[in-house]
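Biologist: Please take a close look at one part of this model, the annotated central domain and the sheet around it. Keep it brisk, and give the cut-offs as you go.

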Amino acid sequence: MRFEEPVLLYGAGREAQSTRAFLKARQPDLKVFVTVDSGDAGLDDVEVIAPDDLKAAVLAHRFGLIIKSPGVSRYKPIFDIARDTGIPVSSNLNLWGAAYGSGRTIIAITGTKGKSTTATLVHLMLTHSGVDAGLAGNVGLAPLEIADRHAVVVLELSSYQTADMSFLPDIAAVTNLYPEHVDWHGNVQRYYKDKLHLIDREGDFRIALGTAAQGNSLVQAAVRDPSQLLPELDDHALAAIDAAVGKSRLKGGHNLDNAQLAARIALAAGGTLDGIVTGIAAFMPLPHRLEEHQFGGTIFVNDSISTTPEATKAALAAYRGYRIALIAGGHERQQDYTELASLLPGYGVTTLACLPVTGARLAQAVRTDAPHIKVLAEPDLETAMNTLSAHRRDFDAVILSPGAPSYNQFKNFEERGARFVGLAQAIFG
């Protein structure tokens with residue numbers, strides 16, 4: 001792979017850094033530009049093009065390829081201008097596919113929720129089966145960082161990456177499909193299409209669907225040939241996996257579904273049942289996903305990675321039997337909280353602390369559908385935690401499962417989760 005013209009990197013972050021390292025290793029003298037919509041790209045040996053100057057640079061054909069980071073929407077008008085000018089747009093993932101994809105087994109896993117857990121489990125199951133497997137994408141390494149080091153590569157992919165994925169995996173998996181990322185995709189229909197681009201293609205590859213995906217008509221329609229579907233687990237394997245999950249750190253019925261999906265994928269990629277069971281036992285919960293702490297006799301669950309109502313429902317289902325104070329709400333992404341509000345009493349929620357901006361809609365729905373739940377409308381997380389401390393007799397567990405992104409008040413979900421744990425210790429400890 002050689003680049004005959006300069007390259008523009010659009011966006012910052014880990015993928016941009018690994019892309020820059022890849023280009024430097026391949027062609028040390030290659031001219032590289034970078035554009036970021038805000039902040040500092042943090043890249044060495046690049047020339048910065050300001051966003052306001054980018055259109056002119058595209059029209060002047062100052063570079064022959066744009067490599068965008070996942071967080072930069074492929075539907076920005078500048079990319080249409082680039083394509084009309086004859087400048088293709090690629091990604092870290094597609095560069096990896098072109099440079100390293102052949103000669104190895106590729107497993108690509110997506111879904112609105114559960115993809116990180118499923119991908120991590122597949123990797124553990126395979127490595128404990130003695131298979132040379134690596135993990136990349138949004139968990140593990142960036143695709144170009146993993147290069148060609150493994151015979152099997154497990155890719156955890158968001159809709160940002162599946163939308164324009166240019167190569168076929170050997171096994172493609174979808175955990176579930178719910179509305180999300182409408183701001184990036186423009187509308188929910190496009191989100192579904194971009195997510196399902198992973199499987200809605202002609203080619204010789206196998207498909208594995210999670211329980212929720214199997215019941216989704218859009219997912220089913222995207223499967224062009226039912227013979228591509230991996231077989232279900234037999235009773236012996238199901239019993240072994242169910243027993244292993246019961247003894248593991250995997251909480252909730254949704255994680256049992258994730259483990260069963262991962263097992264089907266692992267078996268198809270050369271894993272063994274013994275390796276699958278051992279891999280489940282080795283699983284450690286990902287940070288900010290049902291991450292449990294205890295302070296002052298109260299359980300605190302950091303599920304800050306929750307950005308959809310479906311993720312919040314899964315978190316609450318994992319703590320049935322507790323009296324729960326739920327903290328929810330965040331950045332507006334057109335989430336529908338109607339069903340969640342009606343289900344809160346059944347999950348044992350006694351208190352609801354709502355954060356801006358989507359928390360206002362959830363609070364209104366709960367006041368209508370479950371008026372006996374105490375609703376606290378708070379301006380920020382710290383105020384919510386301090387208010388909850390005055391009502392601590394009303395609950396046994398506090399669950400931060402916002403059902404919305406964090407961007408309106410925090411840099412990312414990691415910062416939100418860390419702040420929650422810090423406040424819990426400071427106020428309740």
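**The central domain span**

Modeller: Residues 109-204 have end C-alpha atoms 17 Å apart, and the span is 35% helix and 17% strand. Helices (H or I, at least four residues) and strands (E, at least two) are DSSP runs, numbered from the N terminus. UniProt annotates this stretch, in an unreviewed entry, as "domain: Mur ligase central". UniProt positions follow the numbering used here, feature names are shortened, and annotations may be inferred rather than shown by experiment. Residues count from 1 along each chain as its sequence is written. This is a predicted model: local features need pLDDT of at least 70, side-chain atom pairs count only at pLDDT 80 or more, and totals for chains, interfaces and linings use all residues, while side-chain values use heavy atoms, leaving out hydrogens and water.

Start with the sheet. Five strands form an open, parallel sheet in the order β7-β8-β6-β9-β10. Two strands pair if DSSP finds at least two bridges between them. β7 (133-137) and β10 (206-209) are the edges; each has a single partner strand, so one side of each lacks a neighbour in the sheet. The twist averages 20° from one strand to the next. Axes are lines fitted to C-alpha atoms, for helices over the stretch in contact, and angles run from 0 to 180 degrees between N-to-C directions. β9 (residues 171-174) pairs with β10 in the parallel sense over 4 bridges. V174 stands opposite L209 in β10.

Now the annotated site. UniProt's unreviewed entry puts a "binding site" at G111, T112, K113, G114, K115, S116 and T117. Of these, T112, K113, G114, K115 and S116 are in the lining of the largest pocket. On a 1 Å grid over the protein atoms alone, a pocket is an open set of points with protein on both sides within 12 Å along at least five of seven lines; a lining residue has an atom within 4 Å of a point.

Take G114. It sits in the loop between β6 (105-110) and α5 (115-127). G114 has a relative accessible area of 13%, so it is buried (under 20% relative accessible area, with a 1.4 Å probe and protein chains only). Beyond its neighbours within four places in sequence, G114 is in contact (heavy atoms within 4.5 Å) with T175 and N258.

S116 belongs to helix α5. Its relative accessibility is 9%, so S116 is also buried. Leaving aside neighbours within four places in sequence, S116 contacts V139, E156, L286 and R289.

Key
On a 1 Å grid over the protein atoms alone, a cavity is a set of points where a 1.4 Å probe fits but cannot get out, and a pocket is an open set with protein on both sides within 12 Å along at least five of seven lines; lining residues have an atom within 4 Å of a point. Buried means under 20% relative accessible area, exposed over 50%, partly exposed in between (1.4 Å probe, protein chains only).
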